[in-house]
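Biologist: Could you walk me through how to read burial, packing and ligand contacts here?

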Amino acid sequence: MTDVVRSLSHGAEGIGLYRTEVPFMIKDRFPSEQEQREYYREQLEAFAPNPVTMRTLDIGGDKSLTYFPIQEENPFLGWRGIRVTLDHPEIFLVQVRAMLKASEGLNNLQIMLPMISNISEVEESLHLIYRVYHEVREEGYDIHMPKVGVMVEIPAAVYQIRELADRVDFLSVGSNDLTQYLLAVDRNNPRVAQLYHSYHPAVLQALVRIAQDAHVVGKPVGICGELAGDPGGALLLMAMGYDSLSMNAASLPKVKSVIRSVSREWAMQLLEDVLLLDSPHVIKSCVDLALRNAGFGRYLRPGKSNTVAFAEKALS
Ligand code: PEP
Ligand code: MG
């Protein structure tokens, strides 16, 4: 709720990613349908009539539940997110029931599916969501069918954007995992942290392609990973045509002030320039230089200023 208050006071227009793992992680057992319903209702009410995007349980990988241990040698490539909940539909069904009941009278719920790597996962999930929707309506709840979207965070999804977008209402890029999986760099391993770079040309090319392909089939595409909360990243995403940016409440004021101060054409020129470069570090330096020249040097992290000379050289 602290985040909700901060987001509202910073002018958020909804919630782009509500990580439902959190209420599960603070318990020592699976929260009941009624408990989940109360958590979800609180969020939905706070933002109504603006949309609240609730992600179905994304456990596994770096998010574990003490009461549901998963032992694997390679958890990031293992039983994670939608894979777990489709193998345990009882968890998924209870969660969706709680979400739908919580949305009664508000109709601002959006459901988002994590870790989608193939179409059948989307179809199976949609089937379960429709089933719950009809059951809950039959029980007398006056609810509307929520918009359903998928997260694009696995490279396979990048190459099936049109097929995915045809089946759902929206797409949202999880840039944290997409970077990790595209670059084969564990996002939590300090030993390879210098290789984890969302400004890597391959990541930027993937982001461009996702936005273009989603728009070809007329579906909105947003981003809910950390990249959108970085002023330079937000500029590039705006230039790529992303329809919505989701970020931590603390990043909202600076990102708003940056994207409102430059034209889309200016950002598109910057994007065009950086897409010609082949090093993530040089790209970062160029974006930093552009921000500095536009008067936003205060948003750059201290200690990075030596990279500006580097960028000037790359652009010359
Ligand atoms: C992401 O992967 O970018 C994302 C938003 O999800 P999470 O960080 O919770 O994995
Ligand atoms: Mg993720």
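Modeller: Gladly. Contact means heavy atoms within 4.5 Å, and buried means under 20% relative accessible area, exposed over 50%, partly exposed in between (1.4 Å probe, protein chains only). Helices (H or I, at least four residues) and strands (E, at least two) are DSSP runs, numbered from the N terminus. This is a predicted model, where local features need pLDDT of at least 70, side-chain atom pairs count only at pLDDT 80 or more, and totals for chains, interfaces and linings use all residues. Residues are numbered from 1 along each chain as its sequence is written, chains are lettered from A and ligands numbered from 1 in the order in which they are written, and side-chain values use heavy atoms, with hydrogens and water left out.

Biologist: Which elements do the buried residues of α9 pack against?

Modeller: They pack against β1, β4 (147-152), α7 (155-158), β5 (170-173), α10 (201-216) and β6 (221-223). Eight of the nine residues of α9 are buried, so this helix is largely enclosed by the rest of the structure. Among the buried ones are Asn-176, Asp-177 and Tyr-181. After α9 comes Ala-184, with a positive phi near 55°.

Biologist: Which element gives the most to the shell around ligand 1?

Modeller: That is α9, with three residues. Both β1 (15-19) and α9 (175-183) supply at least two residues each. A residue is near a molecule or strand if one of its heavy atoms lies within 4 Å of it. Of the 14 residues around ligand 1, the nearest are Arg-19, Arg-55, Gly-174, Asn-176 and Arg-187.

Biologist: How far is an oxygen atom of ligand 1 from an N or O atom in the side chain of Arg-19?

Modeller: A polar contact to a ligand is a pair of N or O atoms within 3.5 Å. For Arg-19 the distance is 2.8 Å. For the side chain of Arg-55 it is 2.9 Å, and for that of Asp-177 it is 2.9 Å. Taken alone, ligand 1 exposes 290 Å², and the protein buries 100% of that (Shrake-Rupley method, 1.4 Å probe).

Biologist: Is Thr-56 buried or exposed?

Modeller: Thr-56 is buried, with a relative accessible area of 0%. Its place is the loop between β2 (52-55) and α4 (82-87). Leaving aside neighbours within four places in sequence, its contacts include Thr-20, Phe-92, Met-99 and Pro-114.

Biologist: And where is Tyr-299?

Modeller: Tyr-299 lies in the loop between α14 (280-293) and α15 (307-315). Tyr-299 is partly exposed, at 25% relative accessible area. Not counting residues up to four places away in sequence, Tyr-299 touches Pro-231, Lys-254, Ser-257 and Val-258. Tyr-299 and Val-258 are 41 residues apart in sequence and 9.3 Å apart in space, C-alpha to C-alpha.

Note on methods
A polar contact is a pair of N or O atoms within 3.5 Å; within protein, one must be able to donate a hydrogen and the other to accept it, and residues adjacent in sequence count only if both atoms are side-chain atoms.
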